[in-house]
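Welcome! Keep the picture at hand as you read.

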Amino acid sequence: MTSLRKFVGAPPPSPSPKQALERCEMCGVDVASSHNHVVDIDHRALLCVCRPCFLLFTRSDTGKFRAVPERYLSDPSLTLGEWQGLGIPVGTAFFLRGETGLAAFYPSPAGATECLLDLAAWTDLASSHPLLASARPEVEAILIREVSGTVECYLVPIDACYQLVGTVRLYWKGFDGGTEALSAIEAFFADVRSKAGA
Ligand SMILES: [Zn+2]
Ligand SMILES: [Zn+2]
């Protein structure tokens, strides 16, 4: 699990628009601030890439470089009781499949933090919620949040998890996060919800 932890513990891509133009980390051309990403499996790194470089790696589930897909999906049928049955001790968690298996993480002010996952309970839940088993290894994650007595469940690209972890690291203050963190997290989930058509 070491490599996976290192992967999600890596610094997120800078959320600040430090410059109008960034460069493709594969071929060096300028890319817009909104661009695609490729995971470098060996180095556990997320590379910012131009569209042509991105398209080189969209078909591979096994190569050293893998394009981060752009799809967002939701499973509105997951119930609060089912979520609580997993026994995850936090309200927001994401689930990633890597070379060493499935692991659960939550965003914290210290970065992505791993939490214990009952694999049998997860497998059982995935049998009635196929979305949970649909995330592509290394490049997609399942993101679940309990909020106001309900639960939201999404399949998201891995760069969205980096963005969420980066948001929490950047804004979280004190015990409950503070209003700035909470509104940034709400904005993040509103964006996910709209991309997933939920
Ligand atoms: Zn490129
Ligand atoms: Zn980037």
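Let us begin with a pair of strands. Strand 6 (residues 73-74) and strand 11 run antiparallel and are joined by two bridges. Across this pairing, Leu73 stands opposite Leu155 of strand 11. Please keep in mind that what you see is a predicted model.

Strand 11 (residues 150-157) has another partner to look at. Strand 10 (residues 140-147) pairs with strand 11 in the antiparallel sense, over eight bridges. Within that pairing, Ile144 has Cys153 of strand 11 as its bridge partner, and Val147 has Thr150 of strand 11. Strands 10 and 11 form a hairpin with two residues between the strands, and in this hairpin Ser148 takes a positive phi near 50 degrees.

Strand 10 also pairs with strand 7 (residues 92-98): five bridges join them, and the two run antiparallel. Here Thr92 stands opposite Arg145 of strand 10.

| Strands | Direction | Bridges |
|---|---|---|
| Strand 6 and strand 11 | antiparallel | two bridges |
| Strand 10 and strand 11 | antiparallel | eight bridges |
| Strand 7 and strand 10 | antiparallel | five bridges |

How enclosed are these strands? In strand 11, seven of the eight residues are buried, so the rest of the structure largely encloses this strand. Strand 10 has six of its eight residues buried, so strand 10 is largely enclosed too.

Next comes helix 5 (residues 158-171). Its 14 residues reach 20 Å from the first C-alpha to the last, close to the 20 Å expected at 1.5 Å a residue. Ten of those 14 residues are buried, so helix 5 is largely enclosed by the rest of the structure. Among the buried residues of helix 5 are Ile158, Tyr162, Leu164, Val165 and Val168.

Finally, turn to the metal. Which residues coordinate the zinc ion (ligand 2)? They are His35 and His37, each through NE2, and Cys48 through SG, at 2.0 to 2.2 Å. In sequence these donor residues are spaced H-x1-H-x10-C.

Terms used:
Residues numbered from 1 in each chain as written. Chains lettered and ligands numbered in written order. Predicted model: local features only at pLDDT ≥ 70, side-chain atom pairs only at ≥ 80, totals over all residues. Heavy atoms only, no water. Donors = N, O, S within 2.8 Å, 3.2 Å for Na, K, Ca; no water. Buried < 20%, exposed > 50% of the residue type's maximum accessible area, 1.4 Å probe, protein only. Helix = DSSP H or I, 4+ residues; strand = E, 2+ residues; numbered from the N terminus. Pairing = 2+ DSSP bridges. Expected span 1.5 Å × (residues − 1).
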